[in-house]
Amino acid sequence: LVTGSIEEYRRDIIDPTNNLMSLYEKYNAKITILLEITFCLKLKDYHPDIYQAIESQIQDAIMRGHDVQMHFHPEWMDIDLRKDSWADFNHDYQYLDKAPRAKVLDYMRRGKALIEEICCPLNKHYKLLGYRAGGYRIEPFSYSSELLKDIGIIATSDLHRAEGHFFYCSGQDIETEAEKG
């Protein structure tokens, strides 16, 4: 994603997501929105008009019975949206174990709190339990699963490799891997 006008966000993110929700609703189905927390936290601080549009869409999705879970690109943590530039994209942080643990946990905790602040008042049964890594970069899973368990995440939609095969990670996998740690 790049920074842009509210009109660009409506065209490229808000409207397509609304269309997808409506399409699924025609078939009595629901979607899961994976909300990118780093970007949202930065938008809230530096582009509140764009953040408000995204927050309103998330609220609408929850009220319509859709789901919202966490998505996170740690390599975006150093980006300064005041400059409308991605020059601070940190390629070294693409995997969770390459970024400073305290900084990652801070973003994950603040992101979880942000999502819950939006969703919980609208659905008393809402729980943030799911995660998808940026670029599906969950490896090494033993490290990532510890972080996820620390903040209460029990499932990820990422794939991880073991013995040359890829496996979907369930909540049990997270608990088992974190305990092996």
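1. A definition comes first. Ala, Val, Leu, Ile, Met, Phe, Trp, Tyr, Cys and Pro count as nonpolar, Asp, Glu, Lys and Arg as charged, and the others, Gly among them, as polar. By that rule, the lining of the largest pocket holds 13 nonpolar, 4 polar and 2 charged residues. Please keep in mind that this is a predicted model.

2. The overall layout. The chain has 181 residues, and 44% of them count as buried. It contains 6 helices and 6 strands. Read from the N terminus, the elements follow the order α-β-α-α-β-α-β-α-β-β-β-α. Take the contacts with a separation of 6 or more: 68% of them join residues 24 or more positions apart.

3. The sheet. Four strands form an open sheet in the order β1-β2-β3-β4, and their pairing is parallel. The edges belong to β1 and β4 (155-156). Each has a single partner strand, so one side of each is left without a neighbour in the sheet. As background, strands of a sheet pair through backbone hydrogen bonds, either parallel or antiparallel.

4. The largest pocket. How much space lies in the largest pocket? The value is about 370 Å³. Its lining has 19 residues. Nearest its centre lie Ile13, Ile33, Leu34, Leu35 and Glu36. The elements that give two or more residues to this lining are α1 (6-26), β1, α2 (37-46) and α3 (48-63). Strand β1 gives the most, with 5 residues.

5. Aromatic pairs. The count comes to 3 aromatic pairs. One of them joins phenylalanine 72 and tyrosine 107. This pair is stacked, at 6.5 Å centre to centre and with 25° between the planes. Why does this pair tie together parts that are 35 residues apart in sequence? Phenylalanine 72 lies in strand β2, whereas tyrosine 107 lies in helix α4 (residues 101-119), so the pair connects those two parts. Are phenylalanine 72 and tyrosine 107 buried or exposed? Both are buried. Elsewhere, ring pairs link Tyr9, Phe39 and Trp76 into a cluster.

6. Tyrosine 46. This residue belongs to helix α2. Why is tyrosine 46 classed as partly exposed? Its relative accessible area is 31%, and the partly exposed class lies between the buried limit of under 20% and the exposed limit of over 50%. Leaving out residues up to four places away in sequence, tyrosine 46 touches Leu81 and Arg82. Aspartate 80 is 34 residues from tyrosine 46 along the chain, yet their C-alpha atoms are separated by 8.8 Å.

Conventions
Residues are numbered from 1 along each chain as its sequence is written. This is a predicted model: local features need pLDDT of at least 70, side-chain atom pairs count only at pLDDT 80 or more; totals for chains, interfaces and linings use all residues. Side-chain values use heavy atoms; hydrogens and water are left out. On a 1 Å grid over the protein atoms alone, a cavity is a set of points where a 1.4 Å probe fits but cannot get out, and a pocket is an open set with protein on both sides within 12 Å along at least five of seven lines; lining residues have an atom within 4 Å of a point. Grid points are joined across faces, edges and corners, and a volume is the space filled by probe spheres set on the points. Buried means under 20% relative accessible area, exposed over 50%, partly exposed in between (1.4 Å probe, protein chains only). Contact means heavy atoms within 4.5 Å. Rings of Phe, Tyr and Trp (its six-membered ring) pair if their centres lie within 6.5 Å; planes under 30 degrees apart count as stacked, over 60 as edge-to-face and the rest as tilted. Two strands pair if DSSP finds at least two bridges between them.
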